[in-house]
Amino acid sequence: MINFNKHVAIGIIGAGTMGTGIAQVAATFGHRVVIFDQQKEQLNRSHENLTNVINRLVNKQKIDQRDGENILSRVTFTNSINDLASMGLIIEAIVEDLEVKKELFANLEDLVNENCFLATNTSSLSITSIAAACRIPQRVIGLHFFNPPPLMPLVEIVPGILTGSSVKEVLFNLMKEWGKVPVVAKDTPGFIVNKVARSFYGEALRIYEEGIADIPRIDYAMKRIGKFRMGPFELMDLIGNDVNYKVTETVFREFYYDQRYKPSITQKRYVEAGLYGRKSGKGFYDYTELQNAQLDELEPDSKLDSMIFERIIVMLINEAADTLMYNIASKEDIDLAMLNGVNYPKGLFKWADELGLDFVASRLSDLYEMYHEDRYRTSPIIAKMAKTNEKFYPNAKDF
Ligand SMILES: NC(=O)c1ccc[n+]([C@@H]2O[C@H](COP(=O)([O-])OP(=O)(O)OC[C@H]3O[C@@H](n4cnc5c(N)ncnc54)[C@H](O)[C@@H]3O)[C@@H](O)[C@H]2O)c1
C-alpha cells in the first residue's frame, strides 16, 4: 500500500474559512499546497488571512521566522483549476451544495491523474452520492475537519460505500502525521459529531421552551455541573443560529424525520429575526453589551441545575449509544470525536460509566413516561447494559 508523505502535493478547492485553515495545516506539515477558488477576491482574502495567522504565530514565538516563511512559500493561490492537475490529494471545501460538489468532482476527474485521491470536507452531504458522480468512486472519501482546522484536532474520515479501503487507511495515517486525531465514521447524516451533538442544543432548547429554566440558567448548569466550556446557547450563538438550525434541519430530514432531531421553533424564530448570535451582534445573548455578565451574576440552584444537566447529559449518552448500535463508529472513536471536535470535557461513554448505566436508563425512562414521545426512547444498548450492570469501559485503563 502507498503511504502519503510530505512530498505529495495537496490541492485545496475553496479559499474560505475551512480551505484556508486546511491549507495551513498541510503546509505546516511540509506539503506543497495549491489553493483554487473561483473568486479572485476570496483568494486575496485567503492569502491575507493565512499571512496574518502565520505572522501572529511568529510574533508569539510559536514558530520561528524561518518556518513561517517556509510555510507561506509552500502555498500558492490560483483561479485556474488546471493548476491542480498534478496533485496527489485534493481536498474540496466549497459551498455545501450536493449538485455543485458532484459537478466539481466529475470535472476534476478529467483533470487529475488516476492515482489522485479526492476528499470532501462536507459536514452533512452523502459521500456516496458525491463519489457516485465519479468514474473512479473508490478514490473519493470524506475528510471532515472542524473549525478552525489548525486548532481543532478532530478529523472524521468518512468512506462512502464505494470508497476503497486503502484510501481510508492512507488518509487515516496521513491525518495522524499531520498531528490530527482521526476517527472513522460511517457515511450517515451528521457523521459522528454533528449527529451526537444535536441533543446538546435540542434538549436545551426544549427545556427553555417548556419554561423549566431560562437561557442563562441552562448555560450555567451545563458549565457548573457538566464543566462544559460553553453552555448550549452560548455555543449556538458562536456557531450561528442560522448554521446550527440548518444542520439540525438537515439531520432531521435525512434521518427520515426521526423525532429525536426535531428542530426547535424557538431557534427558527431567532433565525428569522436575524438573531444569529455573535456574528450579528445579538442572538440568545446581546454581544453589544458585556458578554457573560448574565451568567456571572447567577447563584447555584442545586436542584434545578442538576435536573437540567441530567436531562441533557442522558440525552447525549442515549444518542451516542444509538450511534454505536448502528455501527456508525466505535465507542472509542465516538468518545474521541466529542472530546476533540467539540471540546466536551469527557467522552460520553466514559460519562455514562461514571453516572452508572442504571441511572442513565432510569432518567431516560422517566422522560419517556412523562412525555410518551419517541424522542425519549431509550437506546436498546443502554437498556440492556443497565439490566446486566455493564460498563462501556470495564477496565479503567481503557479510558
Ligand atoms: N465553517 C465551518 O465551521 C465548517 C466546518 C466543517 C466543514 N465545513 C464545510 O466545509 C465547506 C466549506 O465551508 P466554509 O465555511 O469554508 O465556506 P466558505 O463560504 O468560507 O468558503 C467557500 C469557498 O468556496 C468557494 N467556492 C464556491 N463554489 C466554488 C466552486 N464551484 N469552485 C471553486 N470554489 C468555489 C467560494 O468562493 C468560497 O471562497 C462546506 O462544505 C462546509 O459544510 C464547514
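Let's start with Leu275. This residue sits in the loop that links α12 (265–272) to α13 (293–296). One caution before I go on: this is a predicted model.

Is Leu275 buried, exposed or in between? Leu275 has 19 C-beta neighbours inside 10 Å, so it counts as partly exposed. Being buried takes 20 or more. What does Leu275 touch, leaving aside neighbours within four places in sequence? Its contacts are Asn241, Tyr270, Ser280, Lys282 and Gly283. Now look at Asp374. It is 99 residues from Leu275 along the chain, and 30 Å separate the two C-alpha atoms.

Next, the domains. The protein chain splits into domain 1, residues 10–184, and domain 2, residues 195–398. Taken over C-alpha atoms, their centres are 30 Å apart. How many residues make the contact between them? Ten from domain 1 meet eight from domain 2. On the domain 1 side, β7 (154–159) and β8 (181–184) are the elements that give two or more residues.

On to the core. In soluble globular proteins, nonpolar side chains tend to be buried together. Here, the largest nonpolar core holds 107 residues. Which members touch the most others? Four isoleucines do: Ile90, Ile192, Ile317 and Ile334. Helix α14, residues 302–325, gives this core its largest share, ten residues. Where does the core lie relative to the domains? Both domain 1 and domain 2 give residues to this core, so it lies between them.

Stay with Ile317 for a moment. Setting aside neighbours within four places in sequence, its contacts are Leu348, Trp351, Ala352 and Val360.

Last, the ligand. How many residues surround it? There are 23, and the closest are Gly14, Gly16, Met18, Gln42 and Asn147. Two helices, α1 (17–29) and α4 (98–109), each supply at least two residues of this shell. The largest share is from α1, at three residues. What is the make-up of the shell? Ten residues are nonpolar, eleven are polar and two are charged.

To recap, then. Leu275 is a partly exposed loop residue.

Technical notes. Residues numbered from 1 in each chain as written. Predicted model: local features only at pLDDT ≥ 70, side-chain atom pairs only at ≥ 80, totals over all residues. Near = placed C-beta within 6 Å. Helix = DSSP H or I, 4+ residues; strand = E, 2+ residues; numbered from the N terminus. Nonpolar A, V, L, I, M, F, W, Y, C, P; charged D, E, K, R; others polar. Core = buried A, V, L, I, M, F, W, Y, C linked by C-beta atoms within 7 Å. Buried ≥ 20, exposed ≤ 12 C-beta atoms within 10 Å, placed from the backbone. Domains from an automatic or database assignment. Contact = placed C-beta atoms within 7 Å.
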